[in-house]
Amino acid sequence: MPRARAAPALLLALGALLAGSRLAGRGFAAHPAPLRGARAAGKMARRATQDELKQQVGYKAVDDYVKSGTVIGLGTGSTAAFAVERVGQLLKDGTLKDIIAIPTSIRTKEQAEKLGIPLATLDQYSDLDVAIDGADEVDPNLNLVKGGGGALFREKIVEMCAKKFIVIVDESKMCDGLGPGFPVPVEIVPFCHEHTMRVIAGLPALKGCKPVLRLGDCSNNKPDGDAPAVTDNGNYIVDLQFTDPIKDPVAAGQQLKDTVGVVEHGLFTGMTTAVIIAGADGISVKEA
């Protein structure tokens, strides 16, 4: 009796197998339902890469804030490069016309030239409609740390001239306080640079910081050489490392500016118009 009952079950299993084979031969996948579900879930669970997030905010900033017939500031860095790319695309397809761009570094200038973006300098255009750039850290008040790419002086002088300053970041750059998450870059003159570093370390608003001379390539703050990193302006960069958040970024910035030997610092306070943030749940905008 047990054998008689087993036969129908065996026939059903064989029939299902043959049906699956016929469907597969017609172009249908013969995966079991649980496997199909797992693969679909895997696709849905895929998160955008950091470069994809940077592209999203770079493109959105240009699409939302750059208009034909305007003068714009082009930032420097891996995120800003996507905004430059987008300007080039829209000029090429005719969506944007009569754009004049002010680059904030030699790297950005070279990228823009390759894309056919008309360029000028602040000597020709001191009144910008909008500037778009990334940031290394953004606090709840939209104060920034910038200069990881070594272009902080040119970035600041250009972005201070813009009616709107749009910051583009992925959510990893948002922080509760500036300092611990990313060293604050300070551009200083080479002359007596060790003296200047000691003075900076003693500033009251920067208490507890450790000044570290950037070595090697200026475009990142990782030591990758033995000689001091040199900016586009021929200066050095000191990266200020903190274990605790800077209590008063405005005071810290002012004390740095008052220090002889300091050219510019990477604290961008009170400048931001809006921050476009890309994250796992999509894009959000935070306005000042």
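At what angle do helix α3 and helix α4 pack, and how far apart are their axes? Helix α3 (residues 50-65) and helix α4 (residues 80-92) pack at an angle of about 50 degrees, and their axes are 8 Å apart. This is a predicted model, in which local features need pLDDT of at least 70 and side-chain atom pairs count only at pLDDT 80 or more, while totals for chains, interfaces and linings use all residues. Residues are numbered from 1 along each chain as its sequence is written, and side-chain values use heavy atoms, with hydrogens and water left out.

**Two packed helices**

- The angle makes α3 oblique to α4 (angles under 35 degrees count as roughly parallel, over 145 as roughly antiparallel, 65 to 115 as roughly perpendicular and the rest as oblique).
- On the α3 side, Asp-51, Lys-54, Gln-55, Gly-58, Tyr-59, Val-62 and Asp-63 meet Phe-82, Ala-83, Glu-85, Arg-86, Val-87, Gln-89 and Leu-90 of α4, where contact means heavy atoms within 4.5 Å.
- The residues of this contact divide into six nonpolar, three polar and five charged (Ala, Val, Leu, Ile, Met, Phe, Trp, Tyr, Cys and Pro count as nonpolar, Asp, Glu, Lys and Arg as charged, and the others, Gly among them, as polar).

**Cavity and pocket**

- On a 1 Å grid over the protein atoms alone, a cavity is a set of points where a 1.4 Å probe fits but cannot get out, whereas a pocket is an open set with protein on both sides within 12 Å along at least five of seven lines, and lining residues have an atom within 4 Å of a point.
- A search of the whole structure finds one cavity of 30 Å³ or more, and the largest cavity holds about 30 Å³ of space.
- Among the residues that line the largest cavity are Thr-104, Gly-150, Glu-187 and Asn-233, and the largest share of this lining, three residues, comes from helix α6 (residues 152-159).
- The largest pocket holds about 310 Å³ of space and is lined by 22 residues, of which Gly-77, Ser-78, Asp-136, Gly-149 and Lys-173 lie nearest its centre.
- By class, the lining of the largest pocket has five nonpolar, 11 polar and six charged residues.

**Around Leu-213**

- Leu-213, which lies in strand β8 (residues 210-213), touches His-193, Met-197, Pro-228, Tyr-236, Ile-237 and Val-238, not counting residues up to four places away in sequence.
- The C-alpha atoms of Leu-213 and Leu-240 are separated by 8.8 Å, although these residues are 27 residues apart along the chain.

Key
Axes fitted to C-alpha atoms, helices over the stretch in contact; angles between N-to-C directions. Helix = DSSP H or I, 4+ residues; strand = E, 2+ residues; numbered from the N terminus. Points joined across faces, edges and corners; volume = space filled by probe spheres on them.
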